[in-house]
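Please look over the sequence and the structure shown below before reading on.

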Amino acid sequence: MSAAARILSVFEGVKIAMSALRANKVRAGLTIMGVAVGVYVVVALSSVVQGVNESFARDVEAAGPTSFFVYRRPIGGFQVCDGTDETCPERRNPMITLDEVRMLERLPTIRSVTAHVATGGKFRYKDRQLDAGIEAYSANWTDVDAGDINPGRSFTAAEYEAAARVVILNTKLAQRLFYDSDPIDKRIFIDGVQFTVIGVYDYTASPMGTPTSAGEGNDPKAIIPWTTGKNALNMWVLGNNLIVRPRAGVTAEQGVDDVTAALRGARGLRPSQPSNFAVVTQDRLMEIYDELFGTFFLIGLALSSVGLLVGGVGVVAIMMISVTERTREIGVRKALGATRGTILWQFLVEAVTLTSIGASVGLILGILTAVGIRTAWPEIPATTPLSSIVAALGASAVTGVIFGMVPAMRAAKLDPVAALRHE
């Protein structure tokens, strides 16, 4: 078949497919819906994952390109722990104390060490009440955070040492408690304890809640001194973790080595003993994140495959009906010289046309979802990558070819004489 004839057959196949769509609205609708769901899941999920990727990476980098984290226990994407020493012996690890924080700050390669714990609490201002998150930091937390405090200020080192009952609200929490009024110097209650508002924090952080994102994006949050969280709110300081920022010119590897050696020495660990703490670099944190979201993405692909399967079954049903209805036409075309390849090509074009319509619907819905997420949650810059568009359209075309092959081969193998006698 010449190139011109092949192009003509493509247009003819598309036209016939549109006619079949109008003639079999229910079956065609199910086919389109199945493919659309499959493509939508791929496009929407990849858009969200890419947006969260960018936001999460920005949060991690806010601490500085060489910064790293110290946790009481190792962290990972998926860990099995039933609370026993056999499955999770690290649950016996001692907490990271403030004395150890001060010891690490004296290391010549370390610029700052920020302690951090998090919990939730009940907030009240006059008759307004809501639940929100609480982030407790040491006084130097602004060294590892890219947010902005305006209006107001952060708490001072003196307020930190005195465990002063002062609080910084992120913009979401301030809006919910005070609406349009100025929150500075207002008194609020957190779990029944009175605090004075000294600042409003603004930062479109990642919804993943990394140790560097005090505001955690659109979630209502409050920031208080670490000492206040321990003394006034009885926060669970056993889960204290650190954000460590090396000095300029010091690599992350050198900083990790120095902090690890210092903590092991302070805790009297012998060379043969494992560390009873975990040092996590930014690269490792991103690996854990990718592992976690990679699993979600695989689940999304599985759901997408189900949608494509539904669409594929619909393609088989519609195309088999089309072959039956057009048996006599196929016989006439074969009698006039049409080859098996010509008939096979035409029916495959029809099948791919049906799945492409479904793919286009799913693609448009996926892009609109990304736009909606980006509009509703600016901290998640969801965008539809070109690779996901190509993959979605390619998957729909492959679905059309695979599931359209059986009816197309049946049409191509029809005996011309028998086909002409078909009523």
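In strand 10, Val280 is the bridge partner of Phe69. The model is predicted: local features need pLDDT of at least 70, side-chain atom pairs count only at pLDDT 80 or more, and totals for chains, interfaces and linings use all residues. Residues are numbered from 1 along each chain as its sequence is written, and side-chain values use heavy atoms, with hydrogens and water left out.

**Strand 1 and its partners**

- Helices (H or I, at least four residues) and strands (E, at least two) are DSSP runs, numbered from the N terminus.
- Strand 1 and strand 10 run antiparallel and are joined by four bridges; two strands pair if DSSP finds at least two bridges between them.
- Strand 1 also runs antiparallel to strand 9, with three bridges joining them.
- Val244 in strand 9 is the bridge partner of Phe68.
- Phe68 and Val70 point one way from strand 1, while Phe69 and Tyr71 point the other way, and all are buried.
- Buried means under 20% relative accessible area, exposed means over 50%, and partly exposed lies in between (1.4 Å probe, protein chains only).
- In a regular strand the side chains alternate between the two faces of the sheet.

**Helix 7**

- Helix 7 covers residues 252–266, which makes 15 residues, and reaches 21 Å from its first C-alpha to its last, close to the 21 Å expected at 1.5 Å a residue.
- The expected span of a helix is 1.5 Å times one less than its number of residues.
- The buried residues of helix 7 include Ala252, Val256, Val259 and Leu263.
- These buried residues of helix 7 pack against several elements, among them strand 1 (68–71), strand 9 (241–246) and strand 10 (278–281).
- Just after helix 7, Gly268 has a positive phi of about 65°.

- Helix 3 has Leu98, Glu100, Val101, Met103 and Leu104 as its buried residues.
- The cover over the buried residues of helix 3 includes strand 2, helix 4 (157–161), helix 6 (226–231), strand 9 and helix 7.
- Five salt bridges are found in a search of the whole structure; a salt bridge is a side-chain nitrogen of Lys or Arg within 4 Å of a carboxyl oxygen of Asp or Glu.
- Side chains of opposite charge can pair when their charged atoms come close.
- Asp99 and Arg102 both lie in helix 3, three residues apart, about one turn of the helix.
- Asp99 counts as exposed because its relative accessibility is 53%, whereas Arg102 is partly exposed because its relative accessible area is 39%.
- Glu100 forms another salt bridge, with Arg267, and the closest N and O atoms are 2.8 Å apart.
- This pair links distant parts of the chain, since Glu100 is in helix 3 and Arg267 is in the loop between helix 7 and strand 10, 167 residues apart.
- Glu100 counts as buried because its relative accessibility is 11%, and Arg267 counts as buried because its relative accessibility is 16%.

**Two loop residues**

- Thr109 is found in the loop between helix 3 and strand 2, and it counts as buried because its relative accessibility is 9%.
- The side chain of Thr109 makes a polar contact with the side chain of Asp258 (2.8 Å).
- A polar contact is a pair of N or O atoms within 3.5 Å; within protein, one must be able to donate a hydrogen and the other to accept it, and residues adjacent in sequence count only if both atoms are side-chain atoms.
- Pro385 lies in the loop between helix 10 (340–376) and helix 11 (386–412).
- Pro385 counts as buried because its relative accessibility is 15%.
- The C-alpha atoms of Pro385 and Ser46 are separated by 7.4 Å, although these residues are 339 residues apart along the chain.
- Leaving aside neighbours within four places in sequence, Pro385 is in contact (heavy atoms within 4.5 Å) with Ser46, Ser47 and Gln50.

**Nonpolar cores**

- The largest nonpolar core has 72 residues, and those with the most contacts inside it are Phe123, Leu169 and Ile188.
- Apart from it lies another core of 14 residues, among them Val315, Ala351, Leu354 and Ala411.
- A nonpolar core is a set of buried Ala, Val, Leu, Ile, Met, Phe, Trp, Tyr and Cys residues joined through side-chain atoms within 4.5 Å.
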